[in-house]
Amino acid sequence: MSVTGGLSRKTAPLQELSDEELIGEFQRENEAAFTLLVGRYKDPLTNFTFRYIGDWDECNDVVQETFVRVFRSRHSYKPVAKFSTWLYTIATNLAKTRLRRRKIRRFVSLGSSHSEDPEPLFDIPDEEARADRQLESSMKGERIQKALDSLSDKYREAVVLRDVQELSYEEIAAITGLNIGTVKSRINRARSQLQEMLKDIWDD
Amino acid sequence: MSERKSIQSEAEEGGKVREELQDIRKVKAPWYFDAELQRRLADAHGGRAGAGFFVRPIPAYALSFVSVVALGIVGYYALLRPSDQGDTTLPASDSIAVGTQDRKEERPQRFERRLQPILPPTQETSTPSLNQPRQGPSAPSNDQVIESGAMEKPAALDDNSGGQNIQQPPQDNPIPMGAQQVIETSRSALDTLRSIPAPKDTVDSTHVRPDSLGGRR
């Protein structure tokens, strides 16, 4: 992060604070606290969102929008929950909205493909130039991401939060708004489906 | 028994999946993330929002450029400007009026003048010089003496001392500070001489010659 070098002198004591203390500082209009929070969570949040959405451009957009929401709604945060839970909840809700829109878009484009108009609605992007394709250069990683993409949204959300982000069941339950039993059930189902899809990887 | 085995194998499979998911490469935010976020915050919350969060380090070349410009300005005012105030600000008419002898006496004053702050000519004429001897409150000022036609004695003294005449510069022309000081010093010296009563048995050095008044009789 290019900003950390410039801010390290100014925010040396802040770096030792917890996330909850930092958002408290930011609520008291300490701007450096927000920068530190962005620095702490931009990479984990990007990883989670990319594994959940599966699209690099939309993932970036969601993470950016998440931090804009944090900036805008900083006073609505109450210290009863962990800051990371609040942050992942915002990101998850935004990602769900994107997935819903994507489904609607696909539905509309499929419906319009039966029309007589031969012109495609959207430009087909160059697959070689896409950053997400370049990221998953290894065959195994690409297979895993495809398997994740093929899961239903509710299973994918649960298994990514648990196995990729390594959050606790309690945190996942707070983020998704489900009880812990349901969370565990979804995680197990997601794992078994992934096991089935990725069987040939372990066979090799 | 078989049910327990199936649960165990399921847990093992789940563990494998978990390991694979943990091992896949962690995706990181792009390098332009901060700049993009700053732009979005500025768009969403006005021009100043987010501007203080992402402080970019000032490039070295900008600092060096600023320092060079600052040094240039300081050097110009410290070195070039005082030398400009010296000889070049004296108009030719002034130097002619003062004469070569007075100019020799003026040289140390010029040096002092360089150290003095620059004041407009109007202020300079109204401010008394520190070197000027203080007269009583009832004593007429130099300007009053000039206006009342009391230039007779100084003019006569000048005439006796070699015909050098101190000319009163026109009011609309700004008088250079050096010339003004010379004039004021000369006036004060003449006033001091005038206040001393001359003995009657000696030659009256303050005798007014009509031709020294420029034709006034």
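This is a predicted model: local features need pLDDT of at least 70, side-chain atom pairs count only at pLDDT 80 or more; totals for chains, interfaces and linings use all residues.

Visitor: Rings first, then. How many aromatic pairs does the structure hold over all chains?

Guide: There are 13 aromatic pairs over all chains. Take Phe83(A) and Trp86(A): the ring centres are 6.0 Å apart and the planes sit at 55°, so that pair is tilted.

Visitor: Where do Phe83(A) and Trp86(A) lie?

Guide: Both are in helix H5 of chain A, residues 83-113, and they are 3 residues apart, about one turn of the helix.

Visitor: Why does that spacing matter for a helix?

Guide: An α-helix has 3.6 residues a turn, so residues three or four places apart point the same way.

Visitor: Buried or exposed, what is Phe83(A)? And Trp86(A)?

Guide: Phe83(A) has 1% relative accessibility and counts as buried. Trp86(A) counts as buried too, at 16%, because the cut-off for buried is under 20%.

Visitor: Let's switch to chain B. Which residues make the nonpolar surface patch?

Guide: The patch is made by Phe65(B), Val66(B), Val69(B), Ile73(B), Tyr76(B), Tyr77(B), Leu79(B) and Leu80(B), and covers about 840 Å². One of its members, Ile73(B), is found in helix H3 of chain B, residues 60-85. Ile73(B) is partly exposed, at 49% relative accessibility.

Visitor: And the tyrosines, how accessible are Tyr76(B) and Tyr77(B)?

Guide: Tyr76(B) counts as partly exposed at 35% relative accessibility, while Tyr77(B) counts as exposed at 52%.

Visitor: What about helix H8 of chain B, what span should it have?

Guide: At 1.5 Å a residue, its 19 residues (177-195) should span 27 Å. The end C-alpha atoms are 27 Å apart, which agrees. Buried residues in H8(B) include Met177(B), Val182(B), Ile183(B) and Leu190(B).

Visitor: OK, salt bridges. How many over all chains?

Guide: The structure holds 20 salt bridges over all chains. In one of them, the side chains of Glu25(A) and Arg28(A) meet at 3.0 Å, N to O. Arg28(A) counts as exposed, at 59% relative accessibility.

Visitor: Which residue forms a salt bridge with Asp61(A)?

Guide: Arg40(B) does, with the closest N and O atoms 2.2 Å apart. Asp61(A) lies in helix H4 of chain A (residues 56-72) and Arg40(B) in helix H2 of chain B (residues 33-45), so the pair joins two chains. Asp61(A) is partly exposed at 22%, whereas Arg40(B) counts as buried at 18%.

Visitor: And what does Arg18(B) pair with?

Guide: Arg18(B) forms a salt bridge with Asp163(A), the closest N and O atoms being 3.4 Å apart. That pair crosses between chains, from helix H1 of chain B (residues 2-23) to helix H8 of chain A (residues 153-164). Arg18(B) is partly exposed at 26% relative accessibility, and Asp163(A) is buried at 0%.

Visitor: Last one: which residues are joined into one network by salt bridges that share partners?

Guide: The network joins Asp61(A), Glu65(A), Arg69(A), Arg98(A), Glu36(B), Arg39(B), Arg40(B) and Asp43(B).

Terms used
Residues are numbered from 1 along each chain as its sequence is written. Chains are lettered from A and ligands numbered from 1 in the order in which they are written. Side-chain values use heavy atoms; hydrogens and water are left out. Rings of Phe, Tyr and Trp (its six-membered ring) pair if their centres lie within 6.5 Å; planes under 30 degrees apart count as stacked, over 60 as edge-to-face and the rest as tilted. Helices (H or I, at least four residues) and strands (E, at least two) are DSSP runs, numbered from the N terminus. Buried means under 20% relative accessible area, exposed over 50%, partly exposed in between (1.4 Å probe, protein chains only). The expected span of a helix is 1.5 Å times one less than its number of residues. Patches are made of residues with over 30% relative accessible area and no salt bridge: like charges are joined within 9 Å, nonpolar side chains (Val, Leu, Ile, Met, Phe, Trp, Tyr) within 5 Å. Accessible areas come from the Shrake-Rupley method with a 1.4 Å probe; for residues, only the protein chains shown count as cover. A salt bridge is a side-chain nitrogen of Lys or Arg within 4 Å of a carboxyl oxygen of Asp or Glu.
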